[in-house]
Structure formats: C-alpha cells, structure tokens
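Hi,

Here is the structure I promised to send over. Have a look at it first, and then read on for what turned up.

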Amino acid sequence: SDLAGMRRIYGGIHFMADNIAGLALGAQVADWSHSQLNPVPEPATMLLLGGLGAGLLRRRRRAASDRS
C-alpha cells in the first residue's frame with residue numbers, strides 16, 4: 001500500500017496528504033474488519049468437519065435402513 005500510494009503521488013494523481021490520509025483510513029478499515037468478522041477456518045479443519053459430517057450422515061442412513 002505504501003508503494004502504491006507513492007506511485008500515485010509521483011504520477012500526479014494524488015498529493016502526499018491524500019496518501020497519508022488514505023493509508024490511515026485503510027489501516028482503520030483493516031483493524032475493524034479483522035475484529036468484527038469471523039475468521040476463515042483453515043482447509044484441514046474444513047476437511048475434518050466435512051468427514052465428520054459425512055460419517056454421521058452415513059451412520060444415520062445405515063441405522064434407518066436397519067430398522068426397515
């Protein structure tokens with residue numbers, strides 16, 4: 001973000017004050033979103049939970065077919 005801001009200054013698109021304010025606002029947005037949003041689970045956790053759910057579903061189906 002620092003380099004992107006400096007490129008815009010050198011390119012004549014923004015002034016240094018705009019860059020400083022934009023970096024500060026971006027940091028605030030990142031802090032807020034990190035504290036408010038739920039973290040994304042890692043892939044290994046998703047595989048474990050998916051396998052657990054599939055096993056429970058298979059067990060439930062087997063129990064239902066044994067009753068018939």
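Leaving aside its neighbours within four places in sequence, which residues is Asn-19 in contact with? They are Gly-5, Met-6 and Ile-9. Asn-19 itself sits in helix H2, which covers residues 16-36. Its relative accessible area is 10%, and the cut-off for buried is under 20%, so Asn-19 counts as buried.

Before you read too much into that, please keep in mind that this is a predicted model. The average pLDDT for the protein is 78, and 71% of the residues score at least 70. Confidence is highest in H2, with a mean of 89. At the other end, helix H3 (residues 43-67) has the lowest confidence, with a mean of 68.

Now the overall picture. Of its 68 residues, 4% count as buried. The accessible surface comes to about 6300 Å², and carbon and sulfur atoms account for 63% of that.

Helix H1 (residues 2-10) packs with H2 at an angle of about 160°, and their axes are 9 Å apart. Angles over 145 degrees count as roughly antiparallel, and H1 and H2 are therefore roughly antiparallel to each other. The crossing of H1 past H2 is right-handed. On the H1 side, the contact is made by Asp-2, Gly-5, Met-6 and Ile-9. H2 contributes Met-16, Asn-19 and Leu-23. That puts Asn-19 among the residues that make the contact between H1 and H2, and it is also a buried one.

Cheers

Definitions and conventions. Residues numbered from 1 in each chain as written. Predicted model: local features only at pLDDT ≥ 70, side-chain atom pairs only at ≥ 80, totals over all residues. Heavy atoms only, no water. Buried < 20%, exposed > 50% of the residue type's maximum accessible area, 1.4 Å probe, protein only. Areas by Shrake-Rupley, 256 points an atom, 1.4 Å probe, with all protein chains shown as cover. Helix = DSSP H or I, 4+ residues; strand = E, 2+ residues; numbered from the N terminus. Contact = heavy atoms within 4.5 Å. pLDDT = per-residue confidence, 0-100. Axes fitted to C-alpha atoms, helices over the stretch in contact; angles between N-to-C directions. Parallel < 35°, antiparallel > 145°, perpendicular 65-115°, else oblique. Left-handed = near helix turned anticlockwise from the far one by under 90°.
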